[in-house]
Amino acid sequence: MSRVKAGHGPAAPGPGGARVAAVVGFLVFVELISGILQGMMPALLPGLGADLEITAGDLNWVSSAQLLAAAISVPIFGRLGDLYGHRRLLRIAAVALAVGSVLVAWAPSFELLLLGRVLQGPLAALLPLEMGLVRDRLSPQGARSAIGLLVGALTFGASAGTVLAGLLSEVVTSVHGILWIPAAATVLCVGIVFFLVPESKTRARGTVDWAGAGLLSVGLAALLLAISQGPRWGWTGGGTLGLFAVAVLVLAVWVLVELRVAHPVVDIRLTVKRTLLPVYGASFLLGAALFGSQTAASLFLASPPDKLGYGFGYGTLGIGWMMAPWGLMAFAGSAAVPRLARVIGARAVLALSGAFMAAGYTTLVLAHAEPWQFVVANLVIGFGIGLGLSAMPALVLDASPADRTGIATGVYNTSKTLGGSVSGAVFAAILTAITFKGTEIPTESAYTTVWWCCAGVSLLVAAAAAVIVRAGRPPQTWTPYRSSPPRSADGPRHVPTHHPSPPASRKDPPSMTTGPTPEGTAAPTSAVPLLFRNGLLIDGRGGEPVQGGAVLVEDGLVRWAGPGDRWPELPAGTREIDVRGDAILPGFIDCHVHMAAPGGALDHAELNAMPRSLRTFLSAPRMRQTLFAGVTTARDLGGADAGHRKAVDDGLLVGPRLLVAIAMLSPTGGHGDFRAGTDDGVTDPGMSRLADGVDDCRRAVRDLLRKGADCIKVAATGGVWSPTDQPDDDGFLEDEIRTITEIAAGHRGKRVAAHAQGRGGILNAVRGGVASVEHGYEIDDEAIDLMLERGTFLVPTLTTANTDPDPLKAASWAYAKKKHWQTVARRHIPHAIERGVRVAMGTDCGIAAHGTNLRELAYLVESGMTPMAAILAGTSEAAELLGLAHEIGTLEPGKRADLVIARGNPLTDIASLGKPENVLLVAKDGVPYKDSDGLAA
């Protein structure tokens with residue numbers, strides 16, 4: 001059994017993490033009961049139908065109702081867990097499951113049985129909530145181990161439940177009596193989650209899409225009821241047509257609602273992407289084949305052949321044994337996928353899955369008179385199901401934007417469950433329509449029709465595999481982020497296509513190989529494992545700092561981080577570096593710099609007259625200054641191009657890892673139009689591009705993306721240094737901004753930053769879908785509410801706001817604007833911080849002096865943040881904004897080894913970080929570039 005390791009998590013440092021590891025076993029028990037309950041129900045349905053005199057068609061509703069409730073519960077409970085705590089929602093889900101299970105066990109009527117099954121719907125939300133909890137409270141390795149145990153317990157329980165139902169039927173005479181046993185176990189699960197499970201502490205911001213959940217529930221319920229009751233009411237009857245009309249109307253309104261809310265139940269825009277739509281179609285079809293036919297199979301096995309001419313007359317035990325091989329082969333198919341995918345690819349595996357299922361269902365149609373025929377057919381079907389269930393998640397990840405994999409996976413689970421619910425209703429209609437004359441008993445042809453439908457659905461799964469495409473673009477040799485990503489102990493790591501990777505060869509930069517660093521000490525190479533020990537570890541996750549902490553770095557990655565008395569066995573040749581009690585922090589991330597600008601009063605005429613090559617040469621020392629200040633990743637929002645990024649990644653220049661916007665998009669006369677009012681010449685394309693109207697914006701953003709932009713910057717308001725506008729003038733309007741954000745999102749989820757200082761432009765930017773508001777100096781409560789709802793980041797650039805302009809260098813109009821808007825910023829930004837707007841560090845260095853980036857942290861504290869919150873704004877929160885949280889921002893195993901050693905304790909003296917001399921060592925991808933005290937010598 002794999003060992004679950006407690007991590008030094010944000011919520012439970014030290015003993016708290018250990019406590020979570022200790023209770024993983026209790027969560028495993030909860031998942032085992034969940035699996036057993038799911039496995040038992042199909043085997044027990046025929047007995048329930050007989051006891052309650054429920055027709056075969058209505059019995060399908062017993063499954064469909066639970067699947068529909070599950071499809072709605074998973075995204076809602078997941079979102080509520082992120083907002084209010086995973087344990088809190090686990091408790092609610094467990095109580096609902098227990099109440100539903102008791103109601104199912106007691107139910108004297110079909111209506112109460114159906115209600116109980118609906119209440120059991122949150123059963124599907126247990127695993128996602130448990131996964132969220134262990135990810136929050138355990139180290140990454142421990143979380144992976146725990147999730148593996150939880151999924152294994154669920155899978156084993158589902159297989160065992162089928163057989164267990166049969167064995168219990170030999171001892172307990174009543175089906176209801178059997179159901180009381182898992183019902184009692186679910187009550188025990190309630191006690192476990194109430195008293196033995198700790199709470200997660202990380203909280204998301206935003207809202208819950210209650211309207212979307214309600215509309216989807218009503219629309220689907222109307223649709224499924226119309227489908228299942230059509231044979232009884234007549235397909236052209238008023239009741240049937242009325243329900244269809246209600247379903248169409250409600251689902252149309254639902255789509256409109258989902259397109260407008262910040263956190264929809266189902267992300268429609270993501271769902272209909274060309275790369276993802278075939279994947280979700282395949283998952284819907286896979287769910288239809290998997291879940292929809294289970295009730296029909298159980299009913300067929302229970303049918304008495306002497307009375308009906310088909311079936312085997314099995315009781316619960318016989319049904320359990322007949323269904324068990326299906327589960328075993330599904331497990332075998334799942335286990336075969338990793339090797340098959342390496343040989344033929346995940347798409348081919350999905351196609352193979354559809355072929356196996358189609359072959360199995362066709363066999364079942366043609367030969368089902370003998371038990372062995374039924375078993376053989378289901379062995380083939382089960383193997384195909386296993387292939388499909390394991391191949392689909394990989395295809396979802398391949399087809400989804402790198403920064404939206406969690407959302408994409410959630411939509412996959414929902415579509416799969418909805419497929420089962422819809423097919424269950426369709427099959428209920430078939431079993432109701434094709435019956436012996438004068439009865440409600442399905443004929444043999446009813447079951448073969450169901451299996452023919454499943455065979456057809458399976459062929460559609462195979463066809464869908466042929467049109468699935470990857471989200472990634474074709475390799476291009478010049479782009480630095482196409483180089484090989486670092487490898488972890490677990491194998492290849494996914495690196496987002498918009499994120500620069502270290503050089504594929506992992507060579508040291510020239511300053512590492514040609515002699516001593518500029519600080520005068522030889523730097524270790526990335527090939528040498530490094531152990532930074534005896535430091536104050538602040539890992540970027542928000543937990544209490546660890547005195548005597550340590551970080552192990554190998555092959556450019558963090559291998560371990562935690563208390564100094566617990567480090568693992570060190571790799572051979574590890575160099576130990578005594579930090580001598582100073583702080584160990586993640587490398588900082590500056591989300592707003594301009595490497596091409598000098599760092600002071602901005603003279604665009606001078607810049608425009610300067611040869612482009614000279615600008616590049618002048619940017620080189622600025623990039624080195626920025627790295628040596630402790631910034632290992634920077635987002636350049638105008639001035640640096642793809643060549644700067646590649647030069648850093650290839651080791652030609654020493655600097656932070658760069659994401660580049662290349663140039664700011666601006667309307668004519670806006671903040672990016674630096675021409676005087678009488679100048680009809682062209683603007684400097686190295687700093688800004690002008691566009692007017694939706695069509696022009698569409699062309700301009702595509703041109704920047706073609707040139708290799710990692711992100712896009714737009715001017716939503718005027719600014720200080722533009723001569724013909726004011727910071728509270730509107731720039732691009734909402735429709736123009738929305739056009740730009742939609743096009744950027746369609747290029748692997750690239751994000752848009754908005755220069756927005758005045759109130760009106762801030763609102764236009766947020767409504768237009770930007771990821772971050774830069775500056776935001778006139779932010780008010782309306783804008784704050786909207787940003788909180790949508791999760792939009794604020795990058796307040798307080799460093800430049802607190803930098804007084806030089807009256808001898810700045811134009812008089814720029815000086816007057818700067819002094820006024822400094823006052824506006826000091827009045828509004830603290831209120832936004834108090835209200836809880838997400839903040840990421842950005843400095844506007846290039847306007848402010850280069851190499852002073854970490855002064856921003858002290859300004860954030862002066863504006864109301866705690867020192868720890870300010871550090872998070874410059875590390876993990878900034879990584880979230882850039883879509884790189886899985887790569888950088890915290891010192892966690894498997895992430896890039898970007899770290900800073902800083903003198904003293906920044907939690908008691910945050911301003912010390914703003915002085916570059918207090919930044920003693922800076923390592924990027926495990927390579928120390930700055931080592932002023934010779935720690936790594």
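Seven residues, Phe300, Tyr310, Phe312, Tyr314, Phe374, Tyr447 and Trp451, form one aromatic cluster. Rings of Phe, Tyr and Trp (its six-membered ring) pair if their centres lie within 6.5 Å; planes under 30 degrees apart count as stacked, over 60 as edge-to-face and the rest as tilted. Before we go on, note that this is a predicted model, where local features need pLDDT of at least 70, side-chain atom pairs count only at pLDDT 80 or more, and totals for chains, interfaces and linings use all residues. Residues are numbered from 1 along each chain as its sequence is written, and side-chain values use heavy atoms, with hydrogens and water left out.

The whole structure holds 11 aromatic pairs. In one of them, phenylalanine 300 and phenylalanine 374 have ring centres 6.1 Å apart and planes at 5 degrees, so this pair is stacked. Phenylalanine 300 sits in helix α12 (residues 294-302) and phenylalanine 374 in helix α16 (residues 371-399), so the pair links distant parts of the chain, 74 residues apart. Helices here are DSSP runs (H or I, at least four residues), numbered from the N terminus. Both phenylalanine 300 and phenylalanine 374 are buried, meaning under 20% relative accessible area (1.4 Å probe, protein chains only).

Next comes a tilted pair: the rings of tyrosine 310 and tyrosine 447 have centres 5.4 Å apart and planes at 55 degrees. Tyrosine 310 lies in the loop between α13 (305-308) and α14 (316-344), and tyrosine 447 in helix α18, so the pair ties together parts 137 residues apart in sequence. Tyrosine 310 and tyrosine 447 are both buried.

Let us stay with helix α18 (residues 444-467), which also holds serine 458. This serine 458 is buried, with a relative accessible area of 0%. Leaving aside neighbours within four places in sequence, serine 458 is in contact with Ala289, Gly354, Met357, Ala358 and Tyr361; contact means heavy atoms within 4.5 Å.

Helix α15 (residues 346-366) packs with α18 at an angle of about 165 degrees, their axes 8 Å apart. Axes are lines fitted to C-alpha atoms, for helices over the stretch in contact, and angles run from 0 to 180 degrees between N-to-C directions. That makes α15 roughly antiparallel to α18, a word used for angles over 145 degrees. Among the residues that meet are Gly354, Met357, Ala358 and Tyr361 in α15, and Trp451 and Ser458 in α18.

Notes:
Helix = DSSP H or I, 4+ residues; strand = E, 2+ residues; numbered from the N terminus. Buried < 20%, exposed > 50% of the residue type's maximum accessible area, 1.4 Å probe, protein only. Parallel < 35°, antiparallel > 145°, perpendicular 65-115°, else oblique.
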